[in-house]
Structure formats: C-alpha cells, structure tokens
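Subject: Structure handover

Hello,

Below is the structure I said I would pass on. My notes on it follow.

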Amino acid sequence: MRSIFSKRVLTGGQIKPAQVHFSEGTITHVTPYPSSFQSDHDLDVGDLFVMPGLVDTHVHINEPGRTDWEGFETATQAAAVGGITTLVDMPLNCLPVTTSAAALQTKLDAVTDKMWVDCGFWGGVVPDSIDDLPELLAAGVLGVKSFLIDSGIAEFPPMGRNDLERAMTIMARTKKPYLIHAELDDGTTDVEVGRRYGDFLASRPESWECDAIKLMIDLMRSHPCHVHIVHLSSASALPMILEARRNRKSLTVETCPHYLTLQADEVEDGDTLYKCCPPIRENSNREALWQALRVGEIDMIVSDHSPCLPSLKESESGDLGRAWGGIASLQLSLSLIWTEMSKRGIDLSLLGDWMCKHPARLAGLEGRKGQIAVGHQADFVVWDPDASFVVTAEMLHHRHKITPYLGRRLRGMITQTWLAGQKIVEHGKLLSSAQGRPILKAN
Ligand SMILES: [Zn+2]
C-alpha cells in the first residue's frame with residue numbers, strides 16, 4: 001500500500017486536500033488530508049496539483065511503416081513527460097493502415113514493447129474493408145474511424161454515403177464509437193493554394209465541416225450508432241450537433257489545442273507549421289469553441305498529434321498546398337490548454353473533464369481510467385499550475401522537434417507522472433523503462 005497526498009487533488013469533480021491510496025496499480029481509497037497515518041510509502045507533494053493521468057484519444061504514431069515520422073518509443077515518451085498516461089493510436093498513417101484484425105496484430109507485434117504509457121488502438125474503415133469490420137472490432141480496437149474526404153494517404157480512401165450506411169449498420173451492434181473526420185468537399189471550392197494562409201483557409205471552408213456533420217446526423221436516424229466527430233474546428237457546426245443531441249442522438253465531439261490556442265490572423269504566409277485539416281480559423285471562431293467547452297457542448301480536448309518527416313512540411317518552399325497537414329503537440333497539451341484557461345479565468349477542475357474523464361469514456365475506459373476514484377488505475381499527473389516555461393526543442397521527446405509552439409511561454413509545469421502506481425517521470429526525466437500496456441477491448 002502506498003499513497004500520494006496534496007492540498008490540491010482533483011477527485012469527485014472537486015479540487016480538495018486529499019490522500020490517494022493505491023496498491024498493485026489500483027486506487028484503493030481516497031481519504032481526507034492529511035490522514036492520521038503516514039509512513040515512508042506516503043508521498044507529500046505539498047500544494048502541487050494532483051490530477052488523473054491525461055487520456056489522449058487522438059494520436060497518430062505512424063508505426064509500423066512510417067516510424068520515421070514518429071513511432072511508439074518517442075510518442076509514448078513524449079506523452080509520459082506531458083502527463084498523458086493513456087493514449088489511443090489512430091489507424092493511419094501507419095503501414096499497413098489498421099483496417100483489419102491482421103493489420104492490428106502486425107501493429108501489436110511491432111510496438112507492444114515500446115510503450116511508455118498505456119495505449120489503445122482505433123481501427124479504420126475504408127470502402128474495401130467494411131467486410132473486415134466485425135473481425136477488427138472483435139480483435140480489440142476501441143472503436144473505428146473513417147474519412148469523408150481525402151485523408152492525405154492513398155491507403156486510406158474516404159467513405160461514400162452507401163459505405164457509411166453499411167459500416168454504421170455494423171457499428172450499431174456495438175457500443176464502440178464511430179469516429180468521423182468530418183469534412184465533405186462539395187466540389188464548389190476552387191482556390192489555388194500556395195503560400196498565402198488566407199487561400200488555404202478559404203480552400204477548406206466551415207461549410208465542409210457542417211455538410212459532413214449534417215450527413216452523419218441524417219444517417220444516424222436510420223443507423224443509430226455512437227458517432228464521434230474528431231477535431232471540430234468550425235464553431236458554426238455546433239447548433240446542429242446540439243439539436244441532434246436534444247433528439248437523443250449518440251453524438252460526441254472533440255476539439256484540439258491548436259484550434260483553442262492559435263488563430264488565423266497570426267499565421268504568417270508560408271508558415272507551414274500551422275497547416276492542419278480542418279484549418280485553424282479566425283479568433284471569433286476560437287472564442288466560440290471556448291464558450292462551447294465551458295457549457296459542455298464540446299466534450300473533450302485531444303491533441304490530434306500528427307507529425308511527419310520534416311521534409312514533408314515544405315518549410316523551404318512554404319507551399320501550404322503541398323505541405324503535410326498536421327501539428328505535433330502531444331507533450332504540450334496540458335500546458336497549452338491551461339495557459340489559455342487561466343487567461344480566461346476558467347476553473348481548473350474542468351480540465352479533468354475535458355482531458356481525462358470524457359476521453360476515457362469515449363474509449364470505453366470509464367471505471368478504469370480518467371478519474372481519481374476507487375477502483376481506477378493509479379495514474380496521476382502532478383503539476384504546478386503557477387509555474388511557467390518556454391518551449392524549447394531540447395525539452396521535446398517527439399521524434400521531430402517541429403511544432404508551432406517553439407519559443408512560446410506556457411503556464412503549468414509537470415513535475416511527476418505516475419502510471420499504474422509507478423512514478424515514470426520526474427521533472428522531465430523518464431524513469432525506469434517502457435511499462436505501458438496495450439489496451440484491447442472485446443465488443
Ligand atoms: Zn488526426
């Protein structure tokens with residue numbers, strides 16, 4: 001039996017003095033602070049903030065096949081240092097893409113001994129893999145993902161309406177979510193994209209997101225499965241999402257640190273580090289996303305960490321049309337979001353809902369992950385909300401130190417990360433070895 005205690009622990013939806021006891025990796029009880037009995041096995045972290053380890057359900061690790069873009073060793077080390085104890089890997093841009101049980105097994109064989117935090121896996125569904133979907137679900141993916149638009153890689157083509165109906169019929173038989181990259185190209189946007197950010201923004205309008213989400217809501221009427229909209233950028237889609245939820249549709253939605261911290265006006269032309277799809281939009285849109293988070297209209301914040309080879313970012317040419325779309329930020333999520341929350345005076349406890357509890361629920365891990373409560377895994381991030389730091393390349397554990405956040409001063413310094421009752425990070429240094437485990441789930 002061990003314990004950790006602090007004057008500020010997030011438990012039961014409140015920040016309060018508490019002592020969290022755990023044994024064999026699991027939280028056994030939470031008592032008031034300080035409890036009468038303390039020993040060498042009890043760790044006092046003073047008034048540092050103790051929160052559940054973060055759960056990041058949107059990470060592109062790209063192994064096997066494109067390990068030179070990132071890989072499990074570097075991604076999960078970055079996650080651990082960033083206070084993330086559970087992540088869920090996307091079915092692309094690895095090779096093979098994770099669209100069959102065999103491809104999932106290939107991934108597990110390649111990566112299981114390289115995990116510094118616990119990792120689940122999303123499967124993928126493309127038009128030619130729909131028949132493989134039942135077996136893929138049975139093999140243990142936590143849910144599946146499709147695109148409605150070109151994904152950027154040939155092996156992962158988009159789904160048409162009929163394809164979606166077939167996949168949703170299968171998904172309706174499970175409780176696992178169907179994740180959708182919600183942009184729908186209506187063929188009317190004809191913008192030549194080069195170095196100008198305004199052109200790139202105009203080439204992927206808000207209407208693409210709205211049209212895609214509208215299609216999914218329409219299909220949910222006859223195919224009622226859990227649909228989850230990944231990386232919502234456009235706040236104008238929120239009214240229809242709310243309307244669908246009022247009509248008891250099982251529809252959840254996430255957004256990402258880049259849509260909440262960055263804004264189109266500050267992006268210099270030719271700065272391809274800011275390219276992601278859907279794009280970073282205007283400040284008014286960013287503020288609308290924050291408002292939607294506050295009132296619970298957006299469920300969660302996940303990184304959409306999507307790195308690539310430096311050469312694919314086209315930094316020399318600054319060509320936003322040709323550059324790979326994706327932002328690397330995995331290690332920085334907590335501090336990025338807390339920096340913006342503290343500017344806006346938003347209560348710290350909401351961070352636990354957005355970055356721990358709700359993503360754990362999406363991945364079907366409620367009761368095990370995402371909260372400091374009895375029976376949950378003893379995963380903690382210990383951090384100082386008042387300390388700040390400047391982002392440098394040296395501190396990043398991502399394979400490529402390419403991110404739009406270099407040089408920014410962020411609030412919220414992580415001092416320790418605990419995974420299943422073991423301290424795995426202290427002051428940015430990784431301790432011990434890769435002890436994360438794969439998370440597989442039957443239907
Ligand atoms: Zn993504």
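Please keep in mind that this is a predicted model.

I began with the strands. In strand 8, Val88 has Gly120 as its bridge partner. That pair belongs to strand 7 (residues 84-89) and strand 8 (residues 118-121), which run parallel and are joined by four bridges. Both strands are part of an open sheet of four strands, ordered 6-7-8-19, with parallel pairing. Strand 6 (54-59) and strand 19 (438-439) are at the edges of this sheet; each has a single partner strand, so one side of each is left without a neighbour in the sheet. As background, the strands of a sheet pair through backbone hydrogen bonds, either parallel or antiparallel.

Next, helix 1. Helix 1 covers residues 72-81, and nine of its ten residues are buried, so the helix is largely enclosed by the rest of the structure. The buried residues include Phe72, Gln77 and Val81, along with Ala75, Ala78, Ala79 and Ala80. Thr74 and Thr76 are buried as well. After helix 1 comes Gly83, which has a positive phi, near 85°.

The last item is Gly65, found in the loop between strand 6 and helix 1. From Gly65 to Lys107 the C-alpha to C-alpha distance is 9.3 Å, and the two are 42 residues apart in sequence.

Regards

Note on methods:
Residues are numbered from 1 along each chain as its sequence is written. This is a predicted model: local features need pLDDT of at least 70, side-chain atom pairs count only at pLDDT 80 or more; totals for chains, interfaces and linings use all residues. A residue is buried if 20 or more other C-beta atoms lie within 10 Å of its own, exposed if 12 or fewer, and partly exposed in between; C-beta atoms are placed from the backbone. Helices (H or I, at least four residues) and strands (E, at least two) are DSSP runs, numbered from the N terminus. Two strands pair if DSSP finds at least two bridges between them.
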